[in-house]
Amino acid sequence: MVRIHLSKLLGEKRMTQKQLSELTGIRPNTINEWYHDIAVSLRVEHIDRICEVLDCSVSELLEVIPNKIPKTGKYLIIEEHGNRKQGMGQ
């Protein structure tokens with residue numbers, strides 16, 4: 001799983017979500033999803049802009065934590081219509 005540390009970084013910089021949105025050009029709703037760590041996908045361009053504005057590294061913004069139950073390899077189930085579904089044991 002990928003953990004997003006935007007709320008912590010904004011707090012350290014004493015910056016609001018609105019200010020970050022204005023400085024990066026990223027939609028407020030997207031910033032809010034990152035802030036609450038509920039984003040489903042992350043754009044490389046957004047990562048670049050946020051790191052530039054907050055003067056941080058990617059590893060300060062994002063943390064990779066191993067999944068308790070693997071989601072790839074033999075655990076990956078592909079449904080008939082091509083969408084992925086979580087593997088067994090979930």
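Guide: Start with a cut-off: a residue is exposed when its relative accessible area is over 50%, and buried when that area is under 20%. Between those limits, a residue is partly exposed. Keep in mind that this is a predicted model.

Visitor: Why is Lys-18 called exposed?

Guide: Lys-18 has a relative accessible area of 59%. The cut-off is over 50%. Therefore Lys-18 counts as exposed.

Visitor: Why is the link between Lys-18 and Glu-22 called a salt bridge?

Guide: The rule asks for a side-chain nitrogen of Lys or Arg within 4 Å of a carboxyl oxygen of Asp or Glu. In this pair, the closest N and O atoms are 3.9 Å apart. So the pair passes.

Visitor: How are Lys-18 and Glu-22 placed in helix H2?

Guide: They are 4 residues apart in helix H2, residues 17-24, so about one helical turn separates them.

Visitor: How many salt bridges does the rule give?

Guide: The count comes to 3. One of them joins Arg-49 and Glu-45, at 2.8 Å from N to O. These two sit 4 residues apart in helix H4, so they too are separated by about one helical turn.

Visitor: What makes Arg-49 and Glu-45 partly exposed?

Guide: Arg-49 has 30% relative accessibility. Glu-45 has a relative accessible area of 37%. Buried needs under 20% and exposed needs over 50%.

Visitor: Why is His-46 called buried?

Guide: His-46 has a relative accessible area of 12%. Buried means under 20%. So His-46 is buried. This residue is found in helix H4, residues 44-54. Leaving aside neighbours within four places in sequence, His-46 is in contact with Ile-26, Thr-30 and Trp-34.

Visitor: Which residues have the most contacts inside the largest nonpolar core?

Guide: They are Leu-6, Leu-20, Trp-34, Ile-50, Leu-54 and Leu-61, in a core of 16 residues. Helix H1 (6-13), helix H3 (28-35) and H4 each supply at least two core residues. H4 gives the most, with 4 residues.

Visitor: What does Ile-50 touch?

Guide: Not counting residues up to four places away in sequence, Ile-50 touches Leu-6, Leu-20, Thr-24, Ile-26, Ile-31, Trp-34 and Leu-61.

Visitor: Which pattern does the whole protein follow?

Guide: Read along the sequence, the pattern is β-α-α-α-α-α-β-β-β. That is 5 helices and 4 strands. The protein has 90 residues, of which 23% count as buried.

How values were computed. Residues are numbered from 1 along each chain as its sequence is written. This is a predicted model: local features need pLDDT of at least 70, side-chain atom pairs count only at pLDDT 80 or more; totals for chains, interfaces and linings use all residues. Side-chain values use heavy atoms; hydrogens and water are left out. Buried means under 20% relative accessible area, exposed over 50%, partly exposed in between (1.4 Å probe, protein chains only). Contact means heavy atoms within 4.5 Å. A nonpolar core is a set of buried Ala, Val, Leu, Ile, Met, Phe, Trp, Tyr and Cys residues joined through side-chain atoms within 4.5 Å.
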